[in-house]
There are 2 protein chains.
Amino acid sequence: MLSLKFEGGIQVETRKIPEATITRLSQYSKYLERLDYNGIDIVSSSELAEGVGVNSAQVRKDLSYFGEFGTRGIGYNVKDLLNYTLKILGLNRKWPLVLVGAGNVGQALCSFKGFNERGFSIVGVFDNDLTKIGKRIGKLEVFPMEKLPEVIKLHEIKIGIIAVPVRAAQEVADLMIKSGLQAILNFARVTLNIPENIKVKNVDLSVKLEILTFDLVT
Amino acid sequence: MLSLKFEGGIQVETRKIPEATITRLSQYSKYLERLDYNGIDIVSSSELAEGVGVNSAQVRKDLSYFGEFGTRGIGYNVKDLLNYTLKILGLNRKWPLVLVGAGNVGQALCSFKGFNERGFSIVGVFDNDLTKIGKRIGKLEVFPMEKLPEVIKLHEIKIGIIAVPVRAAQEVADLMIKSGLQAILNFARVTLNIPENIKVKNVDLSVKLEILTFDLVT
DNA sequence: TAGATTGTTAATCGATTAACAATC
DNA sequence: TAGATTGTTAATCGATTAACAATC
C-alpha cells in the first residue's frame with residue numbers, strides 16, 4: 001500500500017502506508033461528517049482522536065502521510081479535512097459494484113444503505129441458481145452468471161462482491177478477474193487464489209464475535 | 001487480551017495475545033474443518049500456513065501461546081487441533097445472542113447461516129419501531145425493546161448485537177449493559193461510550209471496500 | 001540413523017506514541 | 001508576546017519471521 005504525495009501536481013514521495021491508517025482515515029471521515037452536520041467548523045487532532053478512540057499523535061501521523069491539512073495553533077477546518085480524507089480514500093466519485101450471490105448475505109448487501117452513503121452502488125446482481133434468476137431484490141433483477149462480463153464492461157466496473165458458498169467462490173473470482181475486475185470483496189469463508197495485481201479483502205462476519213467469545217472465556 | 005496457559009490444570013503463565021492471533025486462530029479452525037471434512041488426518045504448520053495465507057512460523061507462534069499441540073517430525077492431528085482451536089476461541093459451547101434493530105442489517109443477520117455454523121444463535125430480535133414489532137423474521141418474532149432485559153436474563157445471554165441507526169446506538173448499548181450483557185457487536189457506525197469491563201467490537205461493512213478504493217486510486 | 005517438523009529464541013521489521021520545534 | 005496546536009523526529013513498543021535445537 002503506497003502513498004503518492006503530491007505538491008503542486010508533482011509527485012514528491014512514495015511511502016508505505018499502514019492499512020490501519022486507511023481504516024482510521026475512513027473513521028475520521030465519518031466522524032468529520034458528523035461534526036460538519038452539527039455545524040462545527042474547526043477540530044483539533046485531539047478532539048478527532050477522542051471521537052474515534054485513538055491517540056492524537058496517531059491522527060496527526062496518519063494525516064501526515066498525505067500532506068499538511070491543518071493550521072498550527074488552530075486545528076483543522078472540518079469541511080476541508082472531510083473533503084481531503086474522502087479524496088484520499090477515493091470516495092470523491094461513485095463506485096458501481098457487481099454482486100455475485102443472491103442468497104441471504106447477497107440480499108442484505110443489496111439493501112444495505114451504508115454502501116450508498118459512501119458512494120457505492122450495486123448495479124448488477126448475479127446467480128446461477130435458476131430459482132433466483134429473474135427475481136427482484138429491491139430495484140435490482142437477479143441475472144444469470146453469463147451476463148456478468150457484459151455488465152462489468154458496460155458500467156466500467158472495477159469492484160465485485162462475492163457472496164456465494166465456499167465451493168463456488170474460487171470459480172466466481174476467476175470469472176470476475178477474467179471479466180476485468182480489479183478488486184474483490186469476498187464474503188465467502190475461504191482464502192481465494194488470486195493474481196498479485198488483483199486486490200482482495202475478506203469479510204468474515206463471525207470473526208469479531210469469536211474475538212468476543214475468546215475474551216469472555218479468558 | 002490475555003492468555004491463561006494451563007498445564008495439568010495449573011495456570012502457568014499469563015501473556016498478552018495479539019488480537020491478530022485470535023483472528024488467525026479463527027481462520028485456522030475453519031481451514032481445519034475443511035481438512036477434516038476431506039478426511040485429512042495430519043497437517044503441518046506450513047500446509048496450514050499456506051491454506052490461510054500466512055507464514056508457517058506465524059502458525060507455530062500463534063499456537064504456542066496456548067500450548068503444544070503438535071508432534072515434532074510429524075505435524076498436527078487435524079481433529080485434535082480443530083478441537084483445541086475451537087476450545088480456545090470459546091466455541092465448544094452454544095452462544096445465544098440478542099439482536100437489537102430489525103432493519104436491513106438486522107434482518108440479514110437473522111438469516112445469516114455463518115453464525116449458526118460457529119455455535120451462535122440469535123434468540124431474540126428487538127426494535128422500538130411499532131411497524132416492526134410483532135412481525136416475523138424467519139422463525140423469530142420482533143419484540144419491543146422493553147422485553148430485552150427479560151430475554152437476556154432468561155437465556156443467560158452474554159453477547160448482544162446492535163444493528164440500529166447511529167442516533168439510537170448509544171442508548172441501546174446503555175440498556176444492554178444495564179441488562180447484564182458483557183460483550184457487544186456493533187454494526188452502527190459510531191464509537192460507543194462503554195465501560196472498561198464490557199467488550200465491544202465494531203463492524204463497518206464499507207471500510208473494507210474503502211481500503212479497496214484507496215488501493216485502486218493510488 | 002537420516003529426514004522431517006515442531007516449539008522457541010533472537011533478530012528484524014513495522015507501527016504507535018512521546019516529545020518538541022515550528023508556527024499560527 | 002503568550003497560548004495553542006500542528007507536523008515531524010526519535011524512542012518505544014509490539015508483532016512477525018528466520019533460524020535452529022529438540023525430538024519424533
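The accessible surface of chain A comes to about 11100 Å², and carbon and sulfur atoms hold 49% of that area. These values come from a predicted model. Chain A has 218 residues, and 48% of them count as buried. Its C-alpha atoms fill a box of roughly 65 × 50 × 35 Å along the principal axes.

Next, the fold. Chain A contains nine helices and twelve strands. Take the contacts in chain A between residues with a separation of 6 or more: 54% of them join residues 24 or more positions apart.

Now the partner chain. On the chain B side, 61 residues are in contact with chain A, and 61 residues of chain A are in contact with chain B. Together the two chains bury about 5400 Å² between them. Carbon and sulfur atoms account for 74% of this buried area.

Polar and charged links also cross the interface. Between chain B and chain A, 20 residue pairs are in polar contact, with both residues at pLDDT 80 or more. The rule finds eight salt bridges across the interface. One of them joins the side chains of Lys30(B) and Asp204(A), at 2.4 Å from N to O.

Which helix of chain B gives the most to the side that touches chain A? Helix H9 of chain B, residues 207-217, does, with eleven residues. The table sorts the side of chain B that touches chain A by class.

| Class on the side of chain B that touches chain A | Count |
|---|---|
| Nonpolar | 34 residues |
| Polar | 13 residues |

Conventions:
Residues are numbered from 1 along each chain as its sequence is written. Chains are lettered from A and ligands numbered from 1 in the order in which they are written. This is a predicted model: local features need pLDDT of at least 70, side-chain atom pairs count only at pLDDT 80 or more; totals for chains, interfaces and linings use all residues. Side-chain values use heavy atoms; hydrogens and water are left out. Contact means heavy atoms within 4.5 Å. Buried area is the accessible area (1.4 Å probe) that two parts lose on being put together, summed over both. A salt bridge is a side-chain nitrogen of Lys or Arg within 4 Å of a carboxyl oxygen of Asp or Glu. A polar contact is a pair of N or O atoms within 3.5 Å; within protein, one must be able to donate a hydrogen and the other to accept it, and residues adjacent in sequence count only if both atoms are side-chain atoms. Helices (H or I, at least four residues) and strands (E, at least two) are DSSP runs, numbered from the N terminus. Ala, Val, Leu, Ile, Met, Phe, Trp, Tyr, Cys and Pro count as nonpolar, Asp, Glu, Lys and Arg as charged, and the others, Gly among them, as polar. Buried means under 20% relative accessible area, exposed over 50%, partly exposed in between (1.4 Å probe, protein chains only). Accessible areas come from the Shrake-Rupley method with a 1.4 Å probe; for residues, only the protein chains shown count as cover.
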